[in-house]
Amino acid sequence: MQRYVLKISYDGANYSGFQIQKDKVTIQGELESALKQVLKSDISIVASGRTDAGVSAICQVCHFDCNEDINEHRTLSYLNAILPKDIRVLEIDKCSSDFHARYSSKQKTYEYYFYCGMQNAVYERFATQIGLNVNIEAMGEACKYFEGEHDFSSFCASNTEVKDKVRIVYLCSIVDLGGGLYKLVITGNGFLYNMVRIIMGTLVDVGYGKLQCEKLKDVIESKSRDQAGKTMPSKGLVLKNVEY
């Protein structure tokens, strides 16, 4: 049995998330269907994490096991010929049997794209509009409160089954891309369900003056979902990279 690591990119707009769901179109479902056609065998893939409906990935990492050695280059070409154009295989490589796409990862980076001002036909395809009178400088200042090791219970969807909500955020910052377009960049050792989208919603509250920067410490320490901002739309969220 040989294990392979699979790197993929996808536009999540037309999918009900990564994980297979009954009667829904998902990234995992499309990939496993294509692999079955190419390798003539049922293949199960394991991802570094499950992105939600509408969330995209520049580089998602998965692994799968196969009974026979495969030609990586040929398999990659065949898969991309079969897959929808909004899912692309970037790399296929052999890896050791102890590699695990989820449990071997050391850190992930997400980006959340948003823009200010009137609705923009181009930005609207991949970014979330947050309006005109928002204080981007205050939002950037607030980012530092999320860095470090914290219990992020306040920034996790209430229906999650995860018990340990302590995570380390290595970097949290807002980058000005010009033309009223921005992105939140956040790197951590792991993320809770909806964590990045809730952090973004809380930063928007800071930008509108609904929440003062210095109160963020209290929000984190409260461990209460009710104290944080709303869950922002999935459209602006992109899994940038997974490191091992």
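The expected span of a helix is 1.5 Å times one less than its number of residues. Hold on to that for helix 4.

First, the ground rules. This is a predicted model, where local features need pLDDT of at least 70, side-chain atom pairs count only at pLDDT 80 or more, and totals for chains, interfaces and linings use all residues. Residues are numbered from 1 along each chain as its sequence is written, and side-chain values use heavy atoms, with hydrogens and water left out.

Now confidence. pLDDT is the predictor's confidence in each residue, from 0 to 100. The protein chain averages 95, and 100% of its residues reach 70 or more. Helices here are DSSP runs of H or I, at least four residues; strands are runs of E, at least two; both are numbered from the N terminus.

Back to helix 4. Its 13 residues should span 18 Å at 1.5 Å a residue, and the end C-alpha atoms are 18 Å apart, so the two agree. Buried or exposed? Mostly covered: 12 of the 13 residues of helix 4 are buried. Buried means under 20% relative accessible area, exposed over 50%, partly exposed in between, with a 1.4 Å probe and protein chains only. Among the buried ones are Met195, Arg197 and Gly207. After the helix comes Gly209, with a positive phi near 80°.

Next, the cores. A nonpolar core is a set of buried Ala, Val, Leu, Ile, Met, Phe, Trp, Tyr and Cys residues joined through side-chain atoms within 4.5 Å. The largest has 73 residues; Leu31, Phe64 and Phe155 touch the most other members. Helix 4 supplies the largest share of this core, 8 residues. A separate core has 6 residues, including Tyr113, Tyr123, Ala127 and Leu181.

Last, the rings. Phe, Tyr and Trp rings (six-membered ring for Trp) pair if their centres lie within 6.5 Å; planes under 30 degrees apart are stacked, over 60 edge-to-face, the rest tilted. The whole structure holds 10 aromatic pairs. Take Tyr110 and Phe191: centres 5.2 Å apart, planes at 85°, so edge-to-face. Tyr110 sits in strand 5 (residues 107-116) and Phe191 in the loop between strand 9 (181-188) and helix 4 (195-207), so the pair ties together parts 81 residues apart in sequence. Tyr110 counts as buried, at 11% relative accessibility. Phe191 also counts as buried, at 19%. Elsewhere, ring pairs link Tyr113, Tyr115, Tyr123 and Phe126 into a cluster.
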